[in-house]
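Here are my notes for you to read alongside the model. Keep the viewer open and follow the points in order.

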Amino acid sequence: MQSLLRWSVENSGSSSAPSQRTDIDPGLIDHILGKPDAQMMKEAIQIATDPSKDEDTRITALDDLEMLVESIDNANDLKKLNMWEPLHGLLTTANTTDPLKMQTLWVIGTALQNNPAAQLTYLALDPLPVILSSLSPSTNSAKTRSKAMYALSGLLKHNAQAVRQLNATGGWHTFRSALEDSDINVRRKAAFLLNTLLMPTTVETFDAPSRIHTPLAASAPVHPNSHASMASDPESASTTTATMEALQKDCESEGSSLMDALISAIADPVPFGADGELDEDAEFQENIVRILHTFSVQCGGKFSDAQRHALRGFFDGAERSGDVFGLSREEFSRLKSAIA
């Protein structure tokens, strides 16, 4: 036994460090371990912005990129990797097809979700005019308009600076048009986003899981990609006041307010569908009724006499069927009191 141990010690290897192999294919390592996300992101944007590639290949690259930026860390790497400019450039390039634009808006919307640092980085590129133009039915498909609303939602939510820019660009009129879009998905998203922007912002707003980053301790540093930065400065995240003003302000070209347009959208809806054969949608109605409740009950807004008259006519007919439009009985009762 002792001789065996002595032999193993004497033959345990030389003291010199082993030489490093240089004949290993890096591609084999990538195949085994997988490429770093940053490298895959750079490769995806290079393909997506290469006009020599066919459309399907570029769309696949954008689809891969969208999945990667679902991670908030990867979304923040868009700035580090200087990828926001070429990504946004796909929206402004004349030869970008509608499917490519749709996929680009999808990537942008995903990267912006619950990510204040990405919101501010992208906002610096003045993206609102091109996103709002992507909601025009005359030049964009229904799918592209839907993704444009998705990107707009990611940019505006809990972002007072972005909402101020929306106001400066006349973007509220685009919401008005979206409420009459031929595609019901666009209408639903527009109404849902309006309610989100109207909701009063509190510290509890940011006490949510998933992609929202907040420090674990009160003494922890506040980073720009954390919602704690907005919780520490609620005014930077509050969009309620600006949205309340937009809802009540008369539009010069229309002679009525955005609130008038919302009420008309449920009381006298513009038909939708491929042939304009539909005029009611339960989800769209619920989204608007939720706005009416948020406006009057949570924010203390007042309806005009004409608005109350129109709403009473609508709700009286609905109440007979027992429909409360997704509200609790108590919420519905308080809304009815506001229009009495």
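1. Helix H13 covers residues 184-198 and helix H15 residues 240-248; they pack at about 125 degrees with axes 7 Å apart. Axes here are lines fitted to C-alpha atoms, for helices over the stretch in contact, and angles run from 0 to 180 degrees between N-to-C directions. Helices are DSSP runs (H or I, at least four residues), numbered from the N terminus.

2. A word on the source: this is a predicted model, where local features need pLDDT of at least 70 and side-chain atom pairs count only at pLDDT 80 or more, while totals for chains, interfaces and linings use all residues. Residues are numbered from 1 along each chain as its sequence is written, and side-chain values use heavy atoms, leaving out hydrogens and water.

3. Who touches whom? From H13, Leu194, Leu197 and Leu198 meet Thr240, Thr243, Met244 and Leu247 of H15 (contact means heavy atoms within 4.5 Å). Five of the contact residues are nonpolar, two are polar and none is charged.

4. Now look at H8, residues 116-123: six of its eight residues are buried (under 20% relative accessible area, 1.4 Å probe, protein chains only). Those six are Pro116, Ala117, Ala118, Gln119, Tyr122 and Leu123.

5. Last stop, Ile59 in helix H4 (residues 55-68). Its relative accessibility is 18%, so Ile59 counts as buried. Beyond neighbours within four places in sequence, Ile59 contacts Pro99, Leu100 and Gln103. Gln103 is 44 residues away along the chain, yet the two C-alpha atoms are 6.6 Å apart.

Note on methods: Helix = DSSP H or I, 4+ residues; strand = E, 2+ residues; numbered from the N terminus. Nonpolar A, V, L, I, M, F, W, Y, C, P; charged D, E, K, R; others polar. Buried < 20%, exposed > 50% of the residue type's maximum accessible area, 1.4 Å probe, protein only.
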